[in-house]
Amino acid sequence: MTALAPAPVGAPHRHRSRRAAFYAVTGILFLTGVVLSAGLGQLAIGPAEVIGSVLRAIGIPNDWAPSEPLLEQTLWQIRFPRVVISLAVGALLAVAGAVMQAIFANPLAEPGVVGVSSGAAVGAALAITFGLTSFGAWATASFAFAGGLAATLLVYATARAQGRTETVTLLLTGIAVNAFTGAALALLMFAGDSSSREQIVFWQLGSMNGARWPEVGVVVLVGAAATIVVLALARQYDLLSLGDRTAAHLGVNVERLRVVSIVLVALLTGVAVAFVGIIAFVGLVVPHIVRMLLGPSNRGLITASLLGGATMLVYADLLARTIVPSADLPIGILTSLVGGPFFFWLIRRNRRRAGGWA
Amino acid sequence: MIAYALRDVDFRIGDATILEAITLDIAYGRVLALVGPNGAGKSSLLSILTGDARPTDGEVLLDGRPLGAWTARDLARTRAVLLQANQVAFSFTAADVVEMGRAPWIGSDLAEADEEAIADAMARTDVVHLAERAYPSLSGGEKARVSLARVLAQDTRIVMLDEPTAALDLRHQEDVLRVAHELAANDRAVVVVLHDLSLAAAYADDIAIVDQGRLVACGPPDEVLTEARIEAVYGTPVRVIADPDTGRPVVLPRRSALSSSSVPRSF
């Protein structure tokens with residue numbers, strides 16, 4: 001048609017500098033959050049002491065490290081496991097949200113909203129009620145994974161029609177799944193003894209309290225493996241946004257990609273839910289903010305969501321622990337207090353944009 | 001060189017027969033226009049060619065090999081498809097969308113040609129100025145052209161276009177068909193579903209008429225587009241005249257003058 005024009009060059013540069021700024025700011029927030037979260041609590045530990053203790057642990061002798069054994073113990077047995085699990089869970093939930101949004105081609109898909117989290121919760125509650133937790137961290141995680149997988153498959157089978165997901169159907173399916181799992185959880189509490197009942201109630205609200213290293217290990221290990229697979233699939237997720245048929249024309253095996261992704265979402269959500277309970281909306285809020293700042297390309301979105309989710313949850317946990325003096329507010333309450341209104345705003349915006357319930 | 005060979009292809013969904021006994025060769029270096037009334041089976045025939053749908057009976061060979069034996073990636077490096085509806089779920093820019101057309105070539109020797117293929121495709125479809133715009137914010141015609149650019153960037157030896165001109169203005173309609181013609185001149189096979197018979201006649205080397213799931217005729221435009229045949233297939237009287245410039249057929253519906261009394265007074 002017209003003569004060959006030079007490729008637009010301005011855009012990638014602008015994107016790159018935005019990306020650099022995002023990682024710089026989030027990285028600083030991340031590190032600050034980690035040090036603060038490890039230091040603050042009933043027994044306050046200064047940032048220098050926290051950093052010193054970590055440096056000593058990795059073999060760098062220094063003068064900052066705390067000399068009191070109590071401080072060391074508090075850091076390594078209570079604070080650090082909790083910090084690491086909040087980082088890991090935040091990262092996993094954010095990645096799970098990004099993956100769900102990609103395979104449903106819908107920005108409102110999120111493990112908590114559509115009932116994957118509560119499906120996983122039923123699985124984990126089964127393990128608690130029947131006393132399977134004594135078999136170690138993996139038992140609860142496997143049950144949570146199975147529950148999450150069942151819920152994801154159900155949502156997928158119900159909400160997708162002719163290669164697309166209507167927002168209304170997706171949200172209605174979420175309501176149905178959440179209603180059912182709510183009843184199942186209530187039934188399990190009713191059937192269980194008072195100690196498992198209490199365990200389920202608190203854990204349902206979501207809390208990082210009592211995280212131990214073995215559990216942290218399971219979350220980090222499974223999460224890292226799943227995230228590596230997700231990153232390898234990122235380019236194919238981009239193509240899915242063109243629609244199933246066009247993605248297939250570009251060489252994507254759409255059905256296989258979806259099945260693998262559903263298993264990944266169940267895995268990511270399952271391990272996160274298994275040990276810290278239901279923490280909703282992280283998978284919704286984080287990828288959405290990242291998309292607004294850095295664009296929708298999935299490789300960048302997933303890596304940035306990983307960091308963003310970790311950062312967000314470390315602060316949420318810090319807030320949950322310190323907002324009420326000498327009490328540990330369940331973190332799930334906190335994220336839902338923030339996430340709920342955000343979700344509401346997102347629905348309204350989405351509706352206005354699409355000119356209806358698209 | 002034959003790209004596609006269809007032999008006695010039937011396609012049924014439940015009890016409904018969508019396509020029946022289609023035998024057709026599609027050659028490299030030519031533009032084939034698929035025309036026919038609404039619901040005739042044009043899009044289904046295209047789905048059979050792309051591999052989206054499997055024929056109930058009969059055989060589809062691509063480069064002499066059964067279509068089912070091709071891997072998704074090899075197929076993606078061989079044929080590109082522009083569908084009628086082209087929505088994009090997130091706010092990818094037009095340039096992002098065109099770049100997605102290069103996905104099949106990742107990890108091949110041709111991956112180095114990415115930049116050039118993208119720039120060339122965008123220039124040919126007149127969308128360079130839209131590069132940084134968010135795809136969902138584009139108009140229908142702009143979306144169609146960006147999607148066409150994506151298909152061109154895929155740089156395959158077979159290109160299939162399902163009603164590529166539907167949302168386009170007069171100039172861009174001509175542009176798209178001219179691009180199709182250039183592709184064929186570069187030894188590629190082009191299959192294009194069209195509704196405008198005159199447009200098909202002007203740019204296609206061959207026209208295939210599909211009616212009620214059957215291939216009614218296939219051949220050069222001036223042989224296929226006869227008044228009697230078009231009237232039989234479309235059920236409306238037409239006049240076929242020769243374009244004064246090119247000599248190619250132009251199809252005009254025969255219309256009687258509207259009597260003024262039939263217009264309500266209140267207008």
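This is a predicted model: local features need pLDDT of at least 70, side-chain atom pairs count only at pLDDT 80 or more; totals for chains, interfaces and linings use all residues.
Me: What does the rule give for chain B?

Reply: For 267 residues, a compact globule would have a radius near 18 Å; chain B has 20 Å, which agrees. The C-alpha atoms of chain B fill a box of roughly 65 × 50 × 40 Å, again along the principal axes.

Me: Now the sheets, please. How do strands of a sheet pair?

Reply: Strands of a sheet pair through backbone hydrogen bonds, and they do this either parallel or antiparallel. In chain B, one open sheet has 6 strands in the order S6-S7-S8-S3-S9-S10, with mixed pairing. S6(B) and strand S10 (214-219) of chain B are at the edges with a single partner strand each, so one side of each has no neighbour in the sheet. From one strand to the next, the twist averages 15 degrees.

Me: Which way do S3 and S9 of chain B run, and how many bridges join them?

Reply: Strands S3 (residues 31-35) and S9 (residues 206-211) of chain B run parallel and are joined by 4 bridges. To find the pair on screen, look for Leu34(B), which stands opposite Ala208(B) in S9(B).

Me: Which helix lies across S3, S7 and S8 of chain B?

Reply: That is helix H6 (residues 170-185) of chain B, and it runs at about 155 degrees to S8(B).

Me: What is the strand order in the sheet of 4 strands in chain B?

Reply: This open sheet has the order S2-S1-S4-S5, and its pairing is antiparallel. Strand S2 (16-27) and strand S5 (65-66) of chain B are the edge strands, pairing on one side only. Within this sheet, S1 (residues 2-13) and S4 (residues 57-62) of chain B pair over 5 bridges, and Leu6(B) stands opposite Val60(B) in S4(B).

Me: How do I check a helix, such as H9 of chain A?

Reply: Compare its expected span with the distance between its ends. At 1.5 Å a residue, the 28 residues of H9(A) (213-240) should span 40 Å, and the end C-alpha atoms are 38 Å apart, which agrees. Do look along the helix too: H9(A) has a kink of about 50 degrees, centred on Ala234(A).

Me: Finally, how many residues of chain B are in contact with chain A?

Reply: There are 31 residues of chain B in contact with 25 residues of chain A. Elements of chain B that each supply at least two residues to this side include helix H2 (72-76) and strand S6 (79-82). The largest share, 6 residues, comes from H4(B). By type, the side of chain B that touches chain A divides into 18 nonpolar, 4 polar and 9 charged residues.

Technical notes:
Residues are numbered from 1 along each chain as its sequence is written. Chains are lettered from A and ligands numbered from 1 in the order in which they are written. Two residues are in contact if their C-beta atoms, placed from the backbone, lie within 7 Å. Ala, Val, Leu, Ile, Met, Phe, Trp, Tyr, Cys and Pro count as nonpolar, Asp, Glu, Lys and Arg as charged, and the others, Gly among them, as polar. Two strands pair if DSSP finds at least two bridges between them. Axes are lines fitted to C-alpha atoms, for helices over the stretch in contact, and angles run from 0 to 180 degrees between N-to-C directions. The expected span of a helix is 1.5 Å times one less than its number of residues. The bend at a residue is the angle between axes fitted to the seven residues ending there and the seven starting there. The radius of gyration is taken over C-alpha atoms; the globule rule is 2.2 Å times the number of residues to the power 0.38.
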